Amino acid sequence: MCKHILNAQVAIRSPCCRKWFDCAECHLETENHPLKQQTEMTFACKKCKKVFRKDAEEFEESDEYCPHCDNHFVLEAVTAKPMLKVEGEDARVDNRMLKDERIRAEDLRTIFDVKEAPNKLG
């Protein structure tokens, strides 16, 4: 799973070390040599798990899809962004953190008002 490109649809085989990576940044982090560039690239589709090759010099609009399952793998990259969030969850979903400040109705058990009885007697 690539932490640089969140919506990676294919894995790319690097021609220098013949290992599979999701992006060039992943290759730079794990390997100690620069990425060798070639015109013919080998891809592995993450949807159908099949491997195919594409020539970068003759890349057309129809080449943006997997030839096996028609998965569109040339997408605008969604990268991870730092985000500041509030610690608690949404109160509409999980309200265990909220204090219930409603006044509860008192249960009257007798026909006499017990709280007012001492004031009325003598």
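## Sheet

In strand 2, F21 is the bridge partner of I12, in a predicted model where local features need pLDDT of at least 70, side-chain atom pairs count only at pLDDT 80 or more, and totals for chains, interfaces and linings use all residues. Residues are numbered from 1 along each chain as its sequence is written, and side-chain values use heavy atoms, with hydrogens and water left out.

Strand 1, residues 10–13, pairs with strand 2 in the antiparallel sense over two bridges; two strands pair if DSSP finds at least two bridges between them, and the elements themselves are DSSP runs numbered from the N terminus (helices H or I, at least four residues; strands E, at least two). Four strands form an open sheet in the order 2-1-3-4, with antiparallel pairing. Strand 2 and strand 4 are the edge strands, each pairing on one side only.

## D22

D22 is placed in the loop between strand 2 (20–21) and helix 1 (24–30). With a relative accessible area of 15%, D22 is buried (under 20% is buried, over 50% exposed and in between partly exposed, with a 1.4 Å probe and protein chains only). The side chain of D22 makes a polar contact with the side chain of K46 at 2.9 Å, a polar contact being a pair of N or O atoms within 3.5 Å of which, within protein, one must be able to donate a hydrogen and the other to accept it, while residues adjacent in sequence count only if both atoms are side-chain atoms.

K47 lies in the loop between strand 3 (40–45) and strand 4 (51–55), and K47 counts as exposed because its relative accessibility is 58%. Leaving aside neighbours within four places in sequence, K47 is in contact (heavy atoms within 4.5 Å) with C69 and N71. N71, by contrast, is buried at a relative accessible area of 10%, and N71 belongs to the loop between strand 4 and helix 2 (117–120). Not counting residues up to four places away in sequence, N71 touches Q9, C45, K47, E64, Y65 and C66.

## Lining of the largest pocket

Strand 1, helix 1 and strand 3 each supply at least two residues of the lining of the largest pocket, and strand 3 gives the most, with three residues. By class, this lining has seven nonpolar, five polar and five charged residues, where Ala, Val, Leu, Ile, Met, Phe, Trp, Tyr, Cys and Pro count as nonpolar, Asp, Glu, Lys and Arg as charged, and the others, Gly among them, as polar.
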